[in-house]
Each structure stands twice: as structure tokens, then as C-alpha cells.
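The text then walks through its packing and its charge pairs.

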Amino acid sequence: MIKKYQIKLMSFLVLLSLLIGSVLFAHSGVKDINVLNRMKLMSSMAEHVKVLSQMMQKKISFNAEKASETLNKIFRLSENTPSVFMVNAIDPKSEAKPIIWKEFDNFIKLSNKLSDSTKSLSISTYEDLRPAIIKIGTDCKACHKKYRE
């Protein structure tokens with residue numbers, strides 16, 4: 001059970017690393033300011049999740065204050081997510097699927113789920129990292145699976 005859990009978690013972390021790298025590369029050449037703002041918000045969120053992941057992997061030292069601050073930043077970014085998607089902007093570099101705007105209420109619902117999750121999470125010990133990252137990752141994946149190229 002633990003081994004299966006660790007494999008899933010490591011797979012998620014590898015995927016997250018690839019996502020962060022591709023997002024940073026994707027920003028070059030974006031012409032539409034709305035798309036650029038969306039990409040910046042998502043990149044920032046990914047960077048904050050990466051901090052928590054690095055703490056969990058012991059690549060950086062666990063710091064409860066920094067972890068809570070990072071979690072709060074993810075919360076604020078997730079709260080702002082619907083606002084950066086209000087405009088149905090298109091850019092060749094955009095990874096947002098057009099279905100977002102056809103199903104905007106559901107998109108907001110998924111975004112709010114992440115926001116509600118991060119608001120309810122608490123990281124005060126190293127042991128709190130794993131369940132927090134899994135919850136955040138699950139909520140991110142639910143939206144990305146449906147609404148991201």
C-alpha cells in the first residue's frame with residue numbers, strides 16, 4: 001500500500017516538474033495579455049506547489065512558517081484563477097481548451113474546490129505535507145485533465 005502510494009506521489013512530482021518547465025518555456029512569444037496573465041498565475045501556483053514538494057522530498061528543509069505561507073499563496077492564486085479566465089482570449093501558446101468558456105460554471109466550481117481545499121489545509125509538521133500535496137494535486141489534476149491541452 002505504501003509502495004503504491006509512493007509511486008503515485010513520485011509520478012505526480014515528476015509530472016509537476018515537467019509542467020513547470022514547459023510552462024516557463026511557453027511564456028515566450030505570448031502576444032495576448034490575458035493569456036499571459038493566465039500563464040503567469042498558473043506558473044506561480046506551480047512554483048509554490050514545487051516548494052512544498054521540495055520540502056516533502058527533503059530537497060529543502062521543512063519550515064512550518066514557510067509551508068503555511070506557501071499554502072496561503074496557493075490559496076490566493078486559486079481564488080484569483082476564475083478572474084484571469086473571464087476573457088475568452090486566444091493565443092497560439094495558450095494551453096487552455098476552448099471548452100472552459102462553454103463550461104465556465106463548472107470551471108469555476110473546480111477552481112473553487114482547489115481554493116476551498118487550500119483554505120482548509122494546514123501544514124504545521126512535516127507529516128502534513130504529503131496529504132496537503134496530494135489534495136492540491138488531485139484538485140489541480142481535475143481541472144487540468146478537462147480544461148488544459
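What follows covers the nonpolar cores, the aromatic rings and the salt bridges.

This is a predicted model: local features need pLDDT of at least 70, side-chain atom pairs count only at pLDDT 80 or more, and totals for chains, interfaces and linings use all residues. Residues are numbered from 1 along each chain as its sequence is written, and side-chain values use heavy atoms, with hydrogens and water left out.

Start with the core. A nonpolar core is a set of buried Ala, Val, Leu, Ile, Met, Phe, Trp, Tyr and Cys residues joined through side-chain atoms within 4.5 Å. Buried means under 20% relative accessible area, exposed over 50%, partly exposed in between (1.4 Å probe, protein chains only). The largest core holds 28 residues. L52, F85, I100, F107, I123 and I136 have the most contacts inside it. Helix 2 (33–56), helix 3 (64–84), helix 4 (99–102), helix 5 and helix 6 each supply at least two of its residues. Helices here are DSSP runs (H or I, at least four residues), numbered from the N terminus. A second, separate core has five residues, including V30, V35, L36 and M39.

Now the rings. Phe, Tyr and Trp (its six-membered ring) pair if their centres lie within 6.5 Å; planes under 30 degrees apart count as stacked, over 60 as edge-to-face and the rest as tilted. That rule gives five aromatic pairs. In one of them, the centres of F107 and Y147 are 5.6 Å apart and the planes stand at 85°, so the pair is edge-to-face. F107 lies in helix 5 (residues 104–120) and Y147 in helix 6 (residues 129–147), so the pair ties together parts 40 residues apart in sequence. Both F107 and Y147 are buried.

Which charges pair up? A salt bridge is a side-chain nitrogen of Lys or Arg within 4 Å of a carboxyl oxygen of Asp or Glu. The whole structure has five. E103 and K146 meet in one, at 3.1 Å from N to O. E103 sits in the loop between helix 4 and helix 5 and K146 in helix 6, so this bridge ties together parts 43 residues apart in sequence. K113 and D139 form another, with the closest N and O atoms 4.0 Å apart. Here K113 is partly exposed, at 41% relative accessible area, whereas D139 is buried, at 3%. K113, K135 and D139 are linked in a salt-bridge network.
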